[in-house]
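Hi everyone, thanks for coming along.

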Amino acid sequence: MAEPLLQLSGISRSFGGLKAVQDVSLAVPEGRLCALIGPNGAGKTTLFALMSGFLRPDSGTVRFAGQDITGREPHRNALLGMTRTFQIVKPFAAQTVRENIAVGAHLHVRGRAQALAQAEHVAQWVGLAPQLDKPASDLTVAGRKRLELARALATRPRLLLLDEVLAGLNPQEIAEMMPVVRSIADSGVTVLMIEHVMQAVMHLAEHVWVLAQGRLIAEGSPAQVTSDEKVVEAYLGHGTAARLRKANAAVEVAL
Amino acid sequence: MSELAKQGGRQLALIALFAVLVACVPLATRSGTVLNFVMMALYATLLAQAWNILGGFGGQFSFGHALFFGTGAYIQAIAQLQGGINAWVALALAILGAALAGLFVGALSFRYGLKGSYFALVTLAFAEVFRILALSVPFTGGGVGLMVPLRESAANLQFGSRSGYLWLVLGFVVAALLLSWWLRRSRFGAYLQAVRDNEDAARAVGVNPFRIKLAAIGLSGAFMGAAGAFYVQVFQYIDPGIAYGASTSVEALVAAIVGGMGTLWGPVLGAVVLHVLADLTRNLFGELPGINMVIYGVVLVLIVIFLPRGIAGLGLSARELWKGGRHG
Amino acid sequence: MFEPSILFPSVLNGLTTGAVYALIALGLTLIYGVLHIINFAHGACLMLALYAVYFLKERLGIDPYLALPVVVPGMFALGYGLQRIVINRAGHGKDENILLATLGIAIVMENLALIFFKSDTRNIDTAYSLSTVAIGPAMIAVPKLVAFAGALVVSALLFWIMGRTDLGRAIRAVAKEKEGAKLMGIDVDHVYAMSFGIGLACLGAAACFLLPAYYVNPQVGGGFVLVAFTIVVLGGMGSFVGALVGGLLVGVVESLGGLYLGESLGQIGIFAIFIGVVLFRPEGMFGARA
């Protein structure tokens, strides 16, 4: 089997006394759309930061595209093909949508006119074309999420790390965004997304990892993972899985 | 022709027009007062443009930009006085030296991730350190300062009338205008403004903030150094207070902010407005030490409160409203 | 050269100056800790307070220490007004703007002082200006001793206000969690203005203690600003204990630096500390690691 595009081995990171990420190992295969889920505070965003170089791990290694990139600066990883988005979007507020995306495009394109033209293409792909000349600060939440996505896409990544790209969107906006994410993966980009919106995880993800309190507690297909007791407990609390089983059993008896 | 090229062409034409019009001023008048006024307005513009490169486009506010000014000025003076070097060569050295000073401060500050207020204070601290050093060290003439002797000739960068100086500083101003024009339509400029607007987001899409900021402070320092060397040639005198004092730092930043940070013409507008204001106050109050700075301070506070995008910002807002109205 | 008879007085003098520095830095720390702004006008405000003390003595014959009940509330009022009317409006959400606004205020104050008071250095003569007290081998000027004691008393008072009064609790709440404090019904704008006022009130007290042993001219503010910032970053931004310890430390360093390097070069020592701390240990001695 081909080497996974991204491989984490024994990644750990603490802040003061708090163990944010503990001994996480995972391998993201190339060309797939995968998801990283877990309750709030599980350490998912921290893991993204560790992968992309915004944070240095205390121990463990990160391998990307065959190279050891542990602790490398984010901009170097972007050059290699790993780009991330942020949970709390970070637009270049003073610039237009086109100019925002162009910054991403410039990674592989030197000329300004070219970069702006590419920005236009990417904007069309994600559905931002009508807003191209608006300042980023004028966009709605959904618009800003698309912008965040578009800017990352413009860097022509091999691996795209999406941090809660659907958070804060209403059901219609989610329904519009999901096919866009799917089409990105279909075009050959490996996508790893942190998501809370379960419908997206169920419909889009081919493989899921579950993080809770800094540890990887389960992995597998979406169906496998959501029926895993440990996962249920992580989200709903200790003993819930047993209670649910009992309740289900009682219902069956009654029937 | 694409929209970008058309816009770029228009702006270049405007810069060229500006250059030609101002260059013709000495041909149109012999009045020393007018020539002096225009020359000093251009000098103020140069200071503002230099600050604008790092502060406006780069978003790194320096409160001690006089550091680069003074370095250029002293190199210009000392190279001639103690090195016997030709004034034009000294000018090149001054610009280079000031750029290096910029790279030094930048390398230290940006390597350690200094931003915002910390960066502003550190630049101020550096300027103060150099001011004290200049006071204490013999080869800068200490508190007495240095005088460059009068030896009029173009080869010596000393001109009989103000015209020569005017054209010289105009040259620097046009160079800064062209640099600003380039910043607004190049990859480097896009990266610089990205770092300003959100450094983390920039890093995520491949921008190396350290290198970008370093280049910006080097360029900014170079233009300040040119201004410092220019000052020495015009006034033939420099001392630690003028070289590294707060007033030069303040002049540079207030003019850039008042005019509109990160814009092409903002520094020009701001410098001219402040220069006119300073002239008016001199006519009203005479040579009252400190009155200029009071005006600058008041204007700074008013602009920050009421017009944070500066005068050029007014034009931008008007254009946005216009565009918004047309397309709904 | 390192004889105790030279070192000891220098260190003692440094401590007395340091206590006043600490008081100045405490005000700055309060303002930073609560409003999260770097008050660039801190030095200029101290300069104004010094002039106030000066003129109260020269024109009205009021002794500096007796001027405390006048200058301290006066500076408080100035701080409250400045924050409420000017600085509050300058934010627009960007820290840099507030920094620029305080810079502008500092420039205006310094140069107005230059215009109205001229650039002459002034100092006052009091009955006790020249008296000294012997502490061990050192002769310490009485005004300096009073400054030391006074600064410590006022610092203790500040600690008490912050720790034991409702106002102090409100201030700490706002400093920690502005939005939460708002939800609890705390008038955040008022707390901001009160904090700024208290910060400047500290300057008023410092001025009363400082002038008998020091002097005033329009430029003194600049010197104090960098010293105050050095103390605040050295002690750790937002740490009161840090400001106190840092103040004493910087006072001693300045005194020793002046002794061995001469006045001007000694000052560079302070700047070097500032640059060094900011670059290599930005959290200072007591601050939280960012």
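Let's begin where chains C and B meet: the contact takes 32 residues from chain C and 34 residues from chain B. Please keep in mind throughout that this is a predicted model. Which elements of chain C give two or more residues to the side that touches chain B? They are helix H3 (68-90), helix H4 (95-117), helix H9 (220-235) and helix H11 (263-280) of chain C. H4(C) has the largest share of that side, with 15 residues. By class, the side of chain C that touches chain B divides into 22 nonpolar, 7 polar and 3 charged residues.

How does that fit with the other chains? There are 2 pairs of chains that touch, and the pair with the most contacts is B and C. Chains A and C do not touch, and their nearest C-alpha atoms are 9 Å apart.

Now to the contact of chains A and B, which takes 25 residues from chain A and 21 residues from chain B. On the chain A side, at least two residues each come from helix H2 (74-80), strand S6 (82-84), helix H3 (97-105), helix H4 (112-126) and helix H5 (141-153). H2(A) gives the most, with 4 residues. The side of chain A that touches chain B has 13 nonpolar, 7 polar and 5 charged residues.

Let's go back to chain C and look at the chain as a whole. It has 11 helices and 2 strands, and along the sequence the pattern reads α-α-α-α-β-β-α-α-α-α-α-α-α. The C-alpha atoms of chain C fill a box of roughly 60 × 45 × 35 Å along the principal axes. A compact globule of 290 residues would have a radius of gyration near 19 Å, and chain C, with 19 Å, agrees with that.

Inside chain C, please find helix H2 (residues 42-60) and helix H8 (residues 188-210). Their axes come within 8 Å and cross at roughly 50 degrees, so H2(C) and H8(C) are oblique to each other. The crossing in which H2(C) passes H8(C) is right-handed. Among the residues making the contact are C:Ala49 and C:Val53 of H2(C), and C:Leu203 and C:Gly204 of H8(C). By class, this helix contact has 12 nonpolar residues, 1 polar residue and no charged ones.

Last stop: the sheet in chain A. It is an open sheet of 6 strands in the order S6-S7-S8-S3-S9-S10, with mixed pairing. S6 and S10 of chain A are the edge strands, each pairing on one side only. On average, and ignoring direction, neighbouring strands of this sheet are turned by 15 degrees against each other.

Both senses of pairing turn up around S9(A). With strand S3 (residues 33-37) of chain A, S9(A) pairs in the parallel sense over 4 bridges, and there A:Cys34 stands opposite A:His207. With strand S10 (residues 215-220) of chain A, strand S9 (residues 207-212) pairs in the antiparallel sense over 5 bridges, and A:Ala212 stands opposite A:Arg215. The hairpin of S9(A) and S10(A) has 2 residues between the strands, and A:Gln213 takes a positive phi near 50 degrees there.

Finally, helix H1 (residues 44-52) of chain A lies across S3, S6, S7, S8 and S9 of chain A, running at about 150 degrees to S7(A).

Methods. Residues numbered from 1 in each chain as written. Chains lettered and ligands numbered in written order. Predicted model: local features only at pLDDT ≥ 70, side-chain atom pairs only at ≥ 80, totals over all residues. Axes fitted to C-alpha atoms, helices over the stretch in contact; angles between N-to-C directions. Parallel < 35°, antiparallel > 145°, perpendicular 65-115°, else oblique. Left-handed = near helix turned anticlockwise from the far one by under 90°. Contact = placed C-beta atoms within 7 Å. Nonpolar A, V, L, I, M, F, W, Y, C, P; charged D, E, K, R; others polar. Pairing = 2+ DSSP bridges. Rg over C-alpha atoms; globule rule 2.2 N^0.38 Å.
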